[in-house]
Amino acid sequence: MKSERAQRLFSELIDANWEIKENREKNTKSPTFFSDYLELETKYNQIREDLIEEMGQEEYDNFMSMGRKMFAPKES
């Protein structure tokens, strides 16, 4: 990641992803679960779009691919 803005957006993307996960795991019985989930997904998608705009699609795809490889379970 080259810019400070991209670093900030990536951090926000991780936080938004965490919020979605927490909502899914802990609030499924909440009467506002679906509206909360929609709000969180919308926030995540906007941050993702901003990050892609900042980095460019190719660099974003490469960065995410490297991250998946880095955190993928190791094969024996």
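Which residues make up the largest nonpolar core here? Let me start with that one, and do keep in mind that we are looking at a predicted model. The core has 12 residues: Ala 6, Leu 9, Leu 13, Ala 16, Ile 20, Leu 40, Tyr 44, Ile 47, Leu 51, Ile 52, Met 55 and Tyr 60. Helices H1 and H2 each put at least two residues into this core, and H2 gives the largest share, with six. As background, nonpolar side chains in soluble globular proteins tend to be buried together.

Is Asn 23 buried or exposed? With a relative accessible area of 4%, Asn 23 is buried, because the cut-off for that is under 20%. Setting aside neighbours within four places in sequence, Asn 23 touches Thr 28, Phe 33, Asp 36, Tyr 37 and Leu 40. The other residue is Ile 14, also found in helix H1. Ile 14 is partly exposed, at a relative accessible area of 45%. From Ile 14 to Arg 48 you count 34 residues in sequence, while their C-alpha atoms are 9.9 Å apart in space.

On to H2. It has 23 residues and reaches 32 Å from first C-alpha to last, close to the 33 Å expected at 1.5 Å a residue. Buried in H2 are Phe 33, Leu 40, Tyr 44, Ile 47, Leu 51, Ile 52 and Met 55, and their cover includes H1 and H3.

How do H1 and H2 sit against each other? Their axes come within 9 Å and cross at roughly 160 degrees. That angle is over 145 degrees, so H1 is roughly antiparallel to H2. The crossing of H1 and H2 is left-handed.

After H2 comes Gly 56, with a positive phi near 95 degrees. Then we reach H3. The axes of H2 and H3 come within 6 Å and cross at roughly 115 degrees, and these two helices are therefore roughly perpendicular to each other. Which residues meet where H2 and H3 come together? From H2 we have Arg 48, Leu 51, Ile 52 and Met 55, and from H3 we have Gln 57, Glu 59, Tyr 60 and Phe 63.

I'd like to finish on Tyr 60, which lies in helix H3 and belongs to the core we opened with. Tyr 60 counts as buried, at 5% relative accessibility. Leaving out neighbours within four places in sequence, Tyr 60 is in contact with Leu 13, Arg 48, Leu 51, Ile 52 and Met 55. For Tyr 60 and Asn 27, the separation is 33 residues in sequence and 31 Å in space, C-alpha to C-alpha. Thanks, everyone!

Conventions:
Residues numbered from 1 in each chain as written. Predicted model: local features only at pLDDT ≥ 70, side-chain atom pairs only at ≥ 80, totals over all residues. Heavy atoms only, no water. Buried < 20%, exposed > 50% of the residue type's maximum accessible area, 1.4 Å probe, protein only. Contact = heavy atoms within 4.5 Å. Core = buried A, V, L, I, M, F, W, Y, C linked by side-chain atoms within 4.5 Å. Helix = DSSP H or I, 4+ residues; strand = E, 2+ residues; numbered from the N terminus. Axes fitted to C-alpha atoms, helices over the stretch in contact; angles between N-to-C directions. Parallel < 35°, antiparallel > 145°, perpendicular 65-115°, else oblique. Left-handed = near helix turned anticlockwise from the far one by under 90°. Expected span 1.5 Å × (residues − 1).
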